[in-house]
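Okay, thanks everyone, let me put this one up on the screen. I'll talk about the metal site and then a couple of helices.

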Amino acid sequence: MTSAHKRLLLWDIDGTLVNTGHAGVHSLMRIVRERFSANDDLRDIEIAGKTDRAIVSDILEKYGEPTTDENIRAFAADYIAGLRDELPRRNGKVLPGVLDILNRTSRRADIVLGLLTGNLHEGAKLKLEHYGLWHFFEFGAFADDHHDRNELGAFARRRAQERHGHEFDAAQIDVIGDTGHDIACGKAFGARTIAVATGGWSRERLAAQQPDFLLDDLSNIAEVANDLGWFAF
Ligand SMILES: [Mg+2]
């Protein structure tokens, strides 16, 4: 099989691969407490499916701080430091079926595993290293690349091309995620979209966004394995 026939699987992290027990939100809450002396649960800030840069920008705006690159960078650095502390404190887990799928697909010569996530690169690495999953992924597109998640597909495709020496057609790419933002981001460049209801969005809410595949969790992958073509059962 030539590399031109490889499939590229682009994975979201939070609510799709792992549930960190809200480690990220706790880190953000701690910075808000220290900087703005506010006990804020950040419930009015949309977090699931958004990029870290967009989330930080929304928080700064809420507290009347200018959303300059410098302010966003400084807040993000504090967020990463806090995340390092919070990950071992929270009762998080790898989501059902994830380890099995990553083990199987990573053994396949015709499948490439990458990340397509709203996390900053450093946050993604901290989270996935904590749960022993970081080594599965060759590369990724992150919040560092762009604040708008819908722009991240282009970065992931460019990195895949750099590493594999050819373009990946949209038809050869799957985007897997737990929110409508993941589905929109995949549809934005014509990828196949696989939604999994293990995160913040219900199955019904995801269905309304019309993903190509919709699963309760990734341990149900056998239901659609033949259609997906990731591996045979
Ligand atoms: Mg997610």
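Quick definition before the spacing: by donors I mean N, O and S atoms within 2.8 Å of the metal, and since water is not among the atoms, a site may look incomplete. And keep in mind that this is a predicted model.

So, what coordinates the magnesium ion? We have Asp 12 and Asp 178 through OD, and Asp 14 through O, at 2.1 to 2.2 Å. Along the sequence those donor residues read D-x1-D-x163-D. So distant parts of the chain get linked here: Asp 14 is in the loop between β1 and β2, while Asp 178 is in the loop between β6 and α7, 164 residues apart.

Are those two buried or exposed? Asp 178 has 3% relative accessibility, so it counts as buried. Asp 14 is at 26%, so that one counts as partly exposed.

Now over to helix α4, residues 98–106. Its buried residues are Val 98, Ile 101, Leu 102 and Thr 105. Looking down the axis of α4, they fall within an arc of 95°, so they line one face of the helix.

Last one, helix α3. It runs over residues 69–86, 18 residues, and reaches 25 Å from first C-alpha to last, close to the 26 Å expected. Its buried residues include Ile 72, Phe 75, Tyr 79 and Leu 83, and the buried residues of α3 pack against α1, α2 and α5.

Conventions. Residues numbered from 1 in each chain as written. Predicted model: local features only at pLDDT ≥ 70, side-chain atom pairs only at ≥ 80, totals over all residues. Heavy atoms only, no water. Donors = N, O, S within 2.8 Å, 3.2 Å for Na, K, Ca; no water. Helix = DSSP H or I, 4+ residues; strand = E, 2+ residues; numbered from the N terminus. Buried < 20%, exposed > 50% of the residue type's maximum accessible area, 1.4 Å probe, protein only. Arc of directions from axis to C-beta. Expected span 1.5 Å × (residues − 1). Contact = heavy atoms within 4.5 Å.
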